[in-house]
Amino acid sequence: MKKLPELTMLQLELQGPVATVWLNRPDSRNALNLAMCREITAVCEALDADDAVRVVVVRARGAVFCAGADLKERQGFSTADLVARRVEGFTAYGALEALSKPVIAAVQGPAFGSGGEIAAACDFVLATTQAAFKYPEVGWGTVGATQRLPRIVGRRMAKELLFTGRVVDAQEALDLGLVNHVYAPEAFDARIAEMAAQIAAANPLTVQLTKHSIDEGLDTTREGAMAIELLAIQKNLRHSDWQKAIAGFGAKEGTDAAAR
């Protein structure tokens, strides 16, 4: 793996093909500061370049996933300082979103403001019953979460959540599509490991090309999206052992038929 600077805001754990990135400011409720933004960006770049890593999981130490931006660090900022800090945040979210490998957000508690942005930048979200989401930007007199959120929950619901800044509990988050699954806290670790292992067991090139095709295809026309998928299919055929996979599928079907 590409050499990383010393991590002070994050922890990185590598277990086989699964990398877990921990937000590690529990005493500050994992509030996102400038240093954490830069570490997220650096870690994402290193993980993307490491062929041994097939799945990335984003988790948080403590009871809170991320309480939002660290407003304390912004005291005394000029307008230019604040714009520069927001750019660093956008860069961090973009680095998560740009990872070519699947990224799972595992949200065990409140994910407010920047916490919701981190979760939305991941491919999908697993949550506990103690998870909650809030988008307080309008109430803070600022603008944010206006792009990823409506693409997940739709235009009208995104406006409601941003204009009111109300808290969304885990069940409503599931209903809205903010999270994919909700688990009891005691089952959470096992479910995360199970999901990550299942994805890591798939052909990594095929997974990456599938992710690329979905993400790029949704941002273009139907015709453009089909062209993106066709290019992905051609690359997959050139670089994966698809003939072996088909032969194995046929053998499995025969075995299953004989068993019946």
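**View A. Helix H3, a well-covered stretch.** Helix H3 covers residues 114-121 and is mostly covered, with 8 of its 8 residues buried. Buried here means under 20% relative accessible area, exposed means over 50%, and partly exposed is in between (1.4 Å probe, protein chains only). The buried set in H3 runs through Ser114, Gly115, Gly116, Glu117, Ile118, Ala119, Ala120 and Ala121. Helices (H or I, at least four residues) and strands (E, at least two) are DSSP runs, numbered from the N terminus. A note on the model before going on: it is predicted, so local features need pLDDT of at least 70 and side-chain atom pairs count only at pLDDT 80 or more, while totals for chains, interfaces and linings use all residues. Residues are numbered from 1 along each chain as its sequence is written, and side-chain values use heavy atoms, with hydrogens and water left out.

**View B. The largest nonpolar core and its neighbour.** A nonpolar core is a set of buried Ala, Val, Leu, Ile, Met, Phe, Trp, Tyr and Cys residues joined through side-chain atoms within 4.5 Å. The largest one here has 47 residues, and those with the most contacts inside it are Leu23, Ile40, Phe65, Val107, Ile118, Phe133 and Leu178. Helix H1 (residues 34-48) supplies the largest share of this core, 6 residues. Apart from it sits another core, of 15 residues, with Val57, Leu126, Tyr183 and Ala200 among them. In soluble globular proteins, nonpolar side chains tend to be buried together.

**View C. Zooming in on Leu23.** Which residues does Leu23 touch? Leaving out residues up to four places away in sequence, Leu23 touches Met9, Leu10, Asn30, Met36, Ile40, Arg59, Ala60, Arg61, Phe65, Cys66 and Ile118. Contact means heavy atoms within 4.5 Å.

**View D. Arg25, a buried arginine in a loop.** Arg25 sits in the loop between strand S2 (18-23) and H1. Is Arg25 buried or exposed? Arg25 has a relative accessible area of 15%, so it counts as buried. Its side chain reaches the backbone oxygen of Ala31 at 2.8 Å and makes a polar contact with the side chain of Asp70 (3.0 Å). A polar contact is a pair of N or O atoms within 3.5 Å; within protein, one must be able to donate a hydrogen and the other to accept it, and residues adjacent in sequence count only if both atoms are side-chain atoms. Not counting residues up to four places away in sequence, Arg25 touches Met9, Asn30, Ala31, Asn33, Met36 and Asp70.

**View E. Phe124 in strand S6.** Phe124 belongs to strand S6 (residues 124-128) and is buried, at a relative accessible area of 17%. Its contacts, not counting residues up to four places away in sequence, are Val103, Ile104, Ala105, Asn180, Met195 and Ile199.

**View F. Salt bridges across the chain.** The structure holds 10 salt bridges, each one a side-chain nitrogen of Lys or Arg within 4 Å of a carboxyl oxygen of Asp or Glu. Arg61 pairs with Glu13, the closest N and O atoms being 3.2 Å apart. Arg61 lies in the loop between strand S3 (55-60) and helix H2 (79-98) and Glu13 in strand S1 (residues 10-15), so this pair ties together parts that are 48 residues apart in sequence. Arg61 is partly exposed at 25% relative accessibility, and Glu13 is partly exposed at 32%.

View G. Arg85 forms a salt bridge with Glu73, with the closest N and O atoms 2.9 Å apart. This pair links distant parts of the chain, Arg85 in helix H2 and Glu73 in the loop between S3 and H2, 12 residues apart. Arg85 is buried at 4% relative accessibility, whereas Glu73 is partly exposed at 24%. Asp123 forms a salt bridge with Lys211, the closest N and O atoms again being 2.9 Å apart. Asp123 is in the loop between H3 and S6 and Lys211 in helix H8 (residues 204-217), 88 residues apart.
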